[in-house]
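Reader: I have a model to look at. Please take me through the terms.

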Amino acid sequence: MPKLESQCCPEPQCSAELPALDDKHIASLAHLFHLLGDEGRIRLVLACMGGPVAVSDLSAATGMSQSLTSHHLRHLREARILRSERQGKQILYRLDDHHIRHVVHDLACHVTEH
């Protein structure tokens, strides 16, 4: 897992106002936090913080079976938390975009604060 504590910012970097959220957006936001609330799925997301990772390597890194890993990856991909790309016979997973990286990074900093 990537070590984030030493890379945490002392003060918030984001001063932008929240976009307008309707009921559909709030439901989507709750769904994203629900997905990230599962320890196995957050381990998969953390394992992808450094770049593309093969399913077999994600399974080994998290200690989950390949079928359970694939099941979680499908949900994370459908929610646009992770994205997949094929390289030869392998499917590699990476974070979908910088928004996901910031959310995970900021929450990891939050839980490691003293």
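Reader: Where is Phe33 found?

Author: Phe33 lies in helix 1. A helix here is a DSSP run of H or I with at least four residues, a strand a run of E with at least two, and both are numbered from the N terminus. This model is predicted: local features need pLDDT of at least 70, side-chain atom pairs count only at pLDDT 80 or more, and totals for chains, interfaces and linings use all residues. Residues are numbered from 1 along each chain as its sequence is written, and side-chain values use heavy atoms, without hydrogens and water.

Reader: Why is Phe33 called partly exposed?

Author: Its relative accessible area is 46%. Buried means under 20%, exposed over 50%, and partly exposed in between (1.4 Å probe, protein chains only). So Phe33 counts as partly exposed.

Reader: Which residues make the nonpolar surface patch?

Author: Leu21, Ile26, Leu29, Phe33, Val103 and Leu107 make this patch of about 500 Å². Nonpolar side chains (Val, Leu, Ile, Met, Phe, Trp, Tyr) are joined within 5 Å, like charges within 9 Å. Helix 1 gives the largest share, three residues.

Reader: What makes strand 1 and strand 2 edge strands?

Author: The three strands form an open antiparallel sheet in the order 1-3-2. Strand 1 (53-54) and strand 2 (82-87) each have a single partner strand, so one side of each lacks a neighbour in the sheet.

Reader: How do you know that strand 1 pairs with strand 3?

Author: Pairing needs at least two DSSP bridges. Two bridges join strand 1 to strand 3.

How values were computed
Patches are made of residues with over 30% relative accessible area and no salt bridge: like charges are joined within 9 Å, nonpolar side chains (Val, Leu, Ile, Met, Phe, Trp, Tyr) within 5 Å. Accessible areas come from the Shrake-Rupley method with a 1.4 Å probe; for residues, only the protein chains shown count as cover. A salt bridge is a side-chain nitrogen of Lys or Arg within 4 Å of a carboxyl oxygen of Asp or Glu.
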